[in-house]
There are 2 protein chains.
Amino acid sequence: MRAKLEGLRRRLGAINDLNAAAALLYWDQTTHMPPGGAAARARQIATLRKLAHQQLIHSSMGRLLDVLTPYEKSLPYDSDEASLIRVTRRDYERAAKVPAAFMAQLSNHMAATYEVWTKARPTNDFAAVASYLEKTLDLSRQLADFFPGYEHIIDPLIDFSNEEMTAATLRPLFSSLHQQLVPLAQAIMANPVADDACLYQQFPEAEQLAFGLEVIARLGYDFTRGRQDKTHHPFMIKFSLGDVRITTRVREDDLGEALFSTMHEAGHALYEQGIRMELEGTPLAGGVSAGVHESQSRLWENLVGRSRGFWHFFYPRLQEVFPRQLGSVPLDTFYRAINKVRPSLVRTNADEVTYNLHVVIRFDLELALLDGTLAVRDLPEAWRERYRTDLNITPADDRDGVLQDVHWYGGLIGGEFQGYTLGNLMGAQFFAAALAAHPNLYQEIEQGKFDTLRGWLGDHVYQHGSKYQPSELIERATGAPLNIDPYIHYLRTKYGELYHL
Amino acid sequence: MRAKLEGLRRRLGAINDLNAAAALLYWDQTTHMPPGGAAARARQIATLRKLAHQQLIHSSMGRLLDVLTPYEKSLPYDSDEASLIRVTRRDYERAAKVPAAFMAQLSNHMAATYEVWTKARPTNDFAAVASYLEKTLDLSRQLADFFPGYEHIIDPLIDFSNEEMTAATLRPLFSSLHQQLVPLAQAIMANPVADDACLYQQFPEAEQLAFGLEVIARLGYDFTRGRQDKTHHPFMIKFSLGDVRITTRVREDDLGEALFSTMHEAGHALYEQGIRMELEGTPLAGGVSAGVHESQSRLWENLVGRSRGFWHFFYPRLQEVFPRQLGSVPLDTFYRAINKVRPSLVRTNADEVTYNLHVVIRFDLELALLDGTLAVRDLPEAWRERYRTDLNITPADDRDGVLQDVHWYGGLIGGEFQGYTLGNLMGAQFFAAALAAHPNLYQEIEQGKFDTLRGWLGDHVYQHGSKYQPSELIERATGAPLNIDPYIHYLRTKYGELYHL
């Protein structure tokens, strides 16, 4: 049986190598590749992903898992071996259910839609993408139907990136969140808007990048096992546990852009760099779900990186780097600027308080599209209507309305947005548990010390990789199931103090 | 039959994608990878290469080729289709003859030997590598024996990188070259040595790199289909015909290092960038042999890049970039400096005249090692003896003697060195043919125009990729079989003028 398990590890190692290679090809495409390489690169990535998929769903993999499953039951649930068999079987079964021809069709359609969207967005032309979006909706439903037995058709789509979550679990969670956030946002809006002009001066790129690296080195990002490059959209990407890279983008007239995206991506990277080396080369060596992953990027970016204590430590240093721009700006002004709350049209620019309202709108629209109560042609108007009622702001056009996010135009309908809000909720819940275990956490952050926090996260979240389901991980780490209370408490405390609510 | 050919193309496309991915992983390893990525990276590259090899030697590939071979005979020899079948069959047969287990053993041994050598060279410890080298010799012989029917055991090893060449063809070529070069070198040495101090001042890296890029852009290197990065050892690497990259290294106290390595690698790249796009994704889309490839790097680096006309055009610009260092150095002094001839211990630092003597020494020693007339333990002394007699210079230690080149310590014995000299010979032969077709070539070079030369090489060499065997290519391009006359004529003319011989 040990030989069988070794055989499984070897197969998984090869699949992992193919996926890691595809990831590097993508990283290179976005960072360094000359334009002439584009056509061949798309083909190369497709070849690697196809081979990895073929190897995963190969009948011999199924037979090996059949032999190993009884063995798994004889091992402790927590053991690496049992977890490996369990998680591989889940991945295998999920992959094997979808015909390769359908995956190819989906992938081609996504690429074509993305192409059309990149032109339709700047020209505000929803009509150009509408028929593509209808097809996306149709394919999303078809994909869900490969996983029969669902309650709501969105459930299998949610499950791809946030296992165990369903419409039935998310609806009440998001609905109570919505009930809490709308009055909080309104109470804040009743106050004068914070002055954030200090963030929009000229900040030379090289100094911005160097300061960002200084910050994340202090957070614990290990540069011997990673690096940062510039890309159009920031992301974190892993080629092995010893090579976890991040990217950022810089705007010289907007200090927040690179700074917070750097901390955000470093948060993702701290998770991956903190996975136990023994899991290397297996499907366990990665974050467990989109939501848990996002909890770490949000935790480091927002709960740490937008906290008063954090800037108590780092602001003098930032003033040293930009004396002309910030030398005469008090810490309090800067702190208020980076935490300015204001209803906005674009999700990615939203503040901590209103951000989740953007997500809830999208989630509700996805539910309605998928269950057929909303037609694609009526989507732009439904979008505007929800922004009017929820955020009291109306997009002047579709460019900053229904066309703003890549997700629907380069992926499925129903799979992605909820992960961002789950991340906010989970991040606050993890942070609250760490704080309960280490009441000095805020004082340490004020002194630029992050080892205790990172250590707690490492012990309770990072090291396990994807050994546990998200719900198991959260309960083990925090002693409670996922809930909105820590997040609401965090927002109320922070913004209550800021706005004297 | 067209469907079968399409099937062949599809399989070859996948193999090509795997090899391209492995190449990108290697490129990243040498340019950007953080140290923590090393262990996983080696494994990832090995996985991709193994998969590519498995797909090439798969029995279904053999069956497909069996079906296509009669079809090939019905097609014009020159056609892309016939060439594709012909070259694929050759690659398939070569790969299928070597058992995968042997390849794995060889690859492991090479990696281990390389590790030992990296420590043995700086400590001048030949004894530490001797037993490894004996094993390398043994494995090189075993590899040759998978290709029975050879005349000399080195023949199959030569054939891997320089098809059709054998000990019997190379011995007389190298021997007559040796006979011509030794007296030429001696005649030059009788003159006072050129003063090259102007090259060894302080030249800031950024300006060196920018100047190098300016030069190769003018030569015709297409930056929309390539880029340059820094590595420990310069190289050219291709991921597709639209993405052909080069690397260089810079020494701020040695102007020649980056400048000539940049032109050298750009020469390799011009070849790959000049291959017809229709051959993309097939085994035809690459240079035909190590020798022909090296002919292009040497041609652009030496015949063009160390010519008087070239610097007539570029030297004023170089003086503009480095006014303090070169402003008062006359063109003639600079020209003599970059063409200084002097016997030296290290091949990679050798001038155009003595370079091939280094190669001939290695080739003769490889023949003797392989046919058993020289034992590994006697190799260092044999090395010193040959340097004494051929170059009139004796290495003080093995570091700059038998331990200097990576080739024997990270590869086979018998496969590599001859390619460098073949490249010198072929480069001169191609250049002479281009000059015969375009007698104004030197005048154009003096005006910084390289389109005619690059056009001739594109038409006669580059576009064909590896459609023709090296000998066919040379005869088609130059009207004569490979011979030493153009090279000797080139050296005599250039150095005759320089040293009034």
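Colleague: In which helix of chain B does B:Glu385 lie?

Modeller: This is a predicted model, in which local features need pLDDT of at least 70, side-chain atom pairs count only at pLDDT 80 or more, and totals for chains, interfaces and linings use all residues. Residues are numbered from 1 along each chain as its sequence is written, and chains are lettered from A and ligands numbered from 1 in the order in which they are written. With helices taken as DSSP runs of H or I of at least four residues, and strands as runs of E of at least two, numbered from the N terminus, B:Glu385 belongs to residues 379-391 of chain B, helix H16.

Colleague: Does B:Glu385 count as buried, exposed or partly exposed?

Modeller: A residue is buried if 20 or more other C-beta atoms, placed from the backbone, lie within 10 Å of its own, exposed if 12 or fewer, and partly exposed in between. B:Glu385 has 13 C-beta neighbours inside 10 Å, and therefore counts as partly exposed.

Colleague: Which element supplies the largest share of the side of chain B that touches chain A?

Modeller: Counting a contact where C-beta atoms, placed from the backbone, lie within 7 Å, 31 residues of chain B are in contact with 31 residues of chain A. Helix H1 (2-31), helix H2 (38-56) and strand S2 (236-240) of chain B each supply at least two residues of that side. The largest share, 8 residues, comes from H1(B).

Terms used:
Two residues are in contact if their C-beta atoms, placed from the backbone, lie within 7 Å.
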